[in-house]
Number of protein chains: 4
Amino acid sequence: MSHAILLISCSDQKGITAAVTDFVFKRGGNILHADQHTDTHANTFFMRMEWELAGFTVPRDKIADEFRSLAERFRMDWHLHFSDQTVKTAIFVSRHLHCLYDLLFRYKAGQLPGCEISLIVSNHPDAEALAQQWGIEFLLTPVTPQTKEGAEAAQLAKLKEKGISLVILARYHQILTGKFLQHFTNQVINIHHSFLPSFAGGSPHARAYEKGVKIIGATSHYVIEALDEGPIIEQDTARIDHRYSIQDMVEVGQDLERMVLYRAVRWHLEKKILCYGNKTVIFD
Amino acid sequence: MSHAILLISCSDQKGITAAVTDFVFKRGGNILHADQHTDTHANTFFMRMEWELAGFTVPRDKIADEFRSLAERFRMDWHLHFSDQTVKTAIFVSRHLHCLYDLLFRYKAGQLPGCEISLIVSNHPDAEALAQQWGIEFLLTPVTPQTKEGAEAAQLAKLKEKGISLVILARYHQILTGKFLQHFTNQVINIHHSFLPSFAGGSPHARAYEKGVKIIGATSHYVIEALDEGPIIEQDTARIDHRYSIQDMVEVGQDLERMVLYRAVRWHLEKKILCYGNKTVIFD
Amino acid sequence: MSHAILLISCSDQKGITAAVTDFVFKRGGNILHADQHTDTHANTFFMRMEWELAGFTVPRDKIADEFRSLAERFRMDWHLHFSDQTVKTAIFVSRHLHCLYDLLFRYKAGQLPGCEISLIVSNHPDAEALAQQWGIEFLLTPVTPQTKEGAEAAQLAKLKEKGISLVILARYHQILTGKFLQHFTNQVINIHHSFLPSFAGGSPHARAYEKGVKIIGATSHYVIEALDEGPIIEQDTARIDHRYSIQDMVEVGQDLERMVLYRAVRWHLEKKILCYGNKTVIFD
Amino acid sequence: MSHAILLISCSDQKGITAAVTDFVFKRGGNILHADQHTDTHANTFFMRMEWELAGFTVPRDKIADEFRSLAERFRMDWHLHFSDQTVKTAIFVSRHLHCLYDLLFRYKAGQLPGCEISLIVSNHPDAEALAQQWGIEFLLTPVTPQTKEGAEAAQLAKLKEKGISLVILARYHQILTGKFLQHFTNQVINIHHSFLPSFAGGSPHARAYEKGVKIIGATSHYVIEALDEGPIIEQDTARIDHRYSIQDMVEVGQDLERMVLYRAVRWHLEKKILCYGNKTVIFD
């Protein structure tokens, strides 16, 4: 059964919840989830409303039009989604395949609702066999300082051709340029192998080892031009001790990365994430 | 500033969210929090709605009357609370004082909003000095098989006299009778020193040691007549290993107990807990 | 580089550590790890000693003979392992393949040192394609009350033929008989999808849902004849709340199961586990 | 019963474990714990050896002399402790008293073995009543830029007078100078209210809020002159979400701080911590 999902943010005002609830109810919508949050610090209101399309008196392609005047009254920033829309997805990897492997299994197991993995992109050939095995198109774009511009152009062309609306950087060790990112605002999810803001940039485990931390982490975030600085979606941590070599930390870290990236992708697919400032609201 | 809080449960029907939201909005209420949950398994709907009394056009002592017809239409089970109501509280302890000590510090630090600790009850004199130091009345009711009935009667009389509406069993090692409990439905919170349903009853750490578990826990729950069987409010766990003696487990367990009991008490005070069947909904 | 590993348990006596250390040192062994534990409750001493074979003056096939008199003096229960010995392993599964899939990836990634996965056994054909893809022999042994005895006989014959010394039950939903298990004492590792001793037996997630627990878990253990009662090797837990359906719990549980089973298998391969009574010592 | 504890570090060489073990055994010592670690990266060996003094043939005041030649042979950095030595301790606080309150309760409960809390020092009078209640001397040393030097001098004089060998900074919001610290190498333990190296310095929770992290932490470490840069002893983390205000984060953080500081102090008292480079080994 299909649902409509409204994601709303605006400056906090009296009556928003009632107005949106009323909008849905008056048109016969059965509300499934309604979650809201007010950041009193930023005086901003956030809402996620999900209702059944069955029985709703407005056809799905007219809902946005119908909602517009209400949205304008409250000066909302808003997005309307439908739960049955397919999100065409590309996964970028380099040589570490643990996150890719994990996402593919979850994909098959039905844990990525609405996702269609249409493309795997890499600067190395390591993932090619896996792509083939799963019947997913593989694009090899080796990157050197000389070829970087061309590689990005080839990637962009292929993403456009395939109608990709979500890019997952599942340990892709190349920095995407602003030129690339402008096509995918809040549509590129990265996994970083540290507990940000600690150890942004390269070799986080070696630096964590050097520092002698007792806990390591992983962080998934939307990608912006500033490296490892985008809105954080999810984090997790694991305890280590002095006996852990850097390689031990890498292995424990990979288990964190798989979980933390998966949760971010899942919440993105379920339209549970709202970005504001450089932060995220994650609705239940 | 004072708020009204409505806790609602009823069988799931279309339009409940809209009706309740509308009720508040039409009377000038500014909604602060609205959280809902549907247990599709039990076909039951749950809601918590919190709004500011300032600007609300119905005086607080008329709100219940005004809401009644709506409640009856949906056959709701409902409770209306006000955030500025004081919850007179009694803490029962035996000889382990870590939870009592912890609650008293949080009380002073302002972490128990709306709570007034009016009484400490014990079957042992150990907590008396602490009660005195904090200026809280102390009731000593030694319990033997012979005196148990009288002890409970004395406790009940004192609770009534003090107008107690919340009883916290902060490691009170006596079983309360059904006769006692009938006066305090979902108003007695216990902390059990195991991860229930494992190791209900006595000596949970010794039994966990014997079993060789690698993780221990603590559980807070509302008390019902069946021992350690009431609706679970909160749980937490901690990792141990083969080096932990029973005494080590007791110490780690006490740190869990303090946290798990505190959270339950806090949520109770904030009216965030709804019981149904033998389970709880904990609203955000 | 190859190492020797001694696992020792005996009643606690003065001088054991010194005697064993001396044994290794006098023969030119470079000690890499020495860990010990005394269960004062059971008056039992446990030790794990690992040293380099390079430079050791006793050839590896004579070490056991040489150690015997010392072992007898302290009435030790002891096992001598070598880090370069291959552990031929069979994985049993039914229809849930997440643990199998996870172990295969770790196998390829080098996270299962010394392991050779030689066989996948199932009562269902679901895992056959995966086995083929990885080039691992697959044995299909459908089980009904009528065929159970024959199925176990076929399994045992194949395990013997392949020289299997470790059986991993990676969500194999059949109970192995004592007849089977007598061939594999402390060599069969199971993953159970609950935090034992809670919810032993079938449908643990449905029962956890019914009970309203706030945390779920998974447990890996050596298999003994009594169902879900063998020595616990590892456990882990994850927080849930009232919004989790049984299916949500199953999914969160699967992520726990993968981790908890992997750790048990890894520690087994590294000879870090010592069983006593019905418990385990896990050396660092 | 009294134990001797040897903490040893030196460059990694063959035979150290055997030599130290032999030293104890030959003199009739019953080894209770022996733990070792080799940092292959730094080619450094670490050891902690604990044995009973009862039955040891060397009187306690001669043990160091007796051990010296062995220590010199391996060029060890070593310390000999006795489990029955009292560690006179001063706790420094400013206005947040949760850690002080927690340590005092654990002190009374016997969770700080060997510790004698002889002094509470503060730049504010807030803790004075608590000190009085516990019968512990209280030193008030208000700090302004003008009085800082004098305040430190007064503190040092009092610490010397009382024979203090451990200083706990239980949320003391003043920076100790190098002049002060030179008297207490690896004897000053601080609790910082962030997961270091993230958010070193002031207002870590406000900065974590701004950053939008999903997990916060606390870190205990030995104090060196560089602010928040000393060897990390222990860390822990807690999950938060977008609903947490800065004040909520402060409260959750305080619960972490109590645990993380306590563990560090306990391990210090038990002589389980060895510093090297700017890191720590924590023996079991």
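At 0% relative accessibility, D:F92 counts as buried (buried means under 20% relative accessible area, exposed over 50%, partly exposed in between, with a 1.4 Å probe and protein chains only). This is a predicted model, where local features need pLDDT of at least 70 and side-chain atom pairs count only at pLDDT 80 or more, while totals for chains, interfaces and linings use all residues. Residues are numbered from 1 along each chain as its sequence is written, chains are lettered from A in the order in which they are written, and side-chain values use heavy atoms, leaving out hydrogens and water.

**Aromatic rings and charges**

- Over all chains, there are 36 aromatic pairs (rings of Phe, Tyr and Trp, the last by its six-membered ring, with centres within 6.5 Å; planes under 30 degrees apart are stacked, over 60 edge-to-face and the rest tilted).
- D:F92 and D:F180 make an edge-to-face pair, because their planes stand at 80°, with ring centres 6.2 Å apart.
- D:F92 sits in strand β5 (residues 87–93) of chain D and D:F180 in helix α6 (residues 178–181) of chain D, so the pair ties together parts 88 residues apart in sequence (helices, H or I of at least four residues, and strands, E of at least two, are DSSP runs numbered from the N terminus).
- D:F180 is buried too, with a relative accessible area of 0%.
- Over in chain A, one aromatic cluster is formed by A:F92, A:Y172, A:F180 and A:F184.
- The charged end of C:K279 sits over the ring of B:Y209, 3.7 Å from its centre (NZ of Lys or CZ of Arg within 6 Å of the ring centre and within 35 degrees of the ring normal).

**Helix α7 of chain D**

- Helix α7 (residues 204–211) has D:P204, D:H205, D:A208, D:Y209 and D:K211 as its buried residues.
- Seen down the axis of α7(D), these fall within an arc of 165°, so they line one face of the helix (the arc is that of the directions from the helix axis to the C-beta atoms).
- Just after α7(D) comes D:G212, with a positive phi of about 80°.

**Where chain D meets chain A**

- 36 residues of chain D are in contact with 36 residues of chain A (heavy atoms within 4.5 Å).
- About 3,100 Å² is buried between the two chains, with carbon and sulfur atoms giving 49% (the accessible area, 1.4 Å probe, that two parts lose on being put together, summed over both).
- D:K211, D:K214 and D:H242 supply 22% of the area that chain D buries against chain A, more than any other three residues.
- Chain D and chain A share ten salt bridges (a side-chain nitrogen of Lys or Arg within 4 Å of a carboxyl oxygen of Asp or Glu).
- D:D236 forms a salt bridge with A:R239, with the closest N and O atoms 3.7 Å apart.
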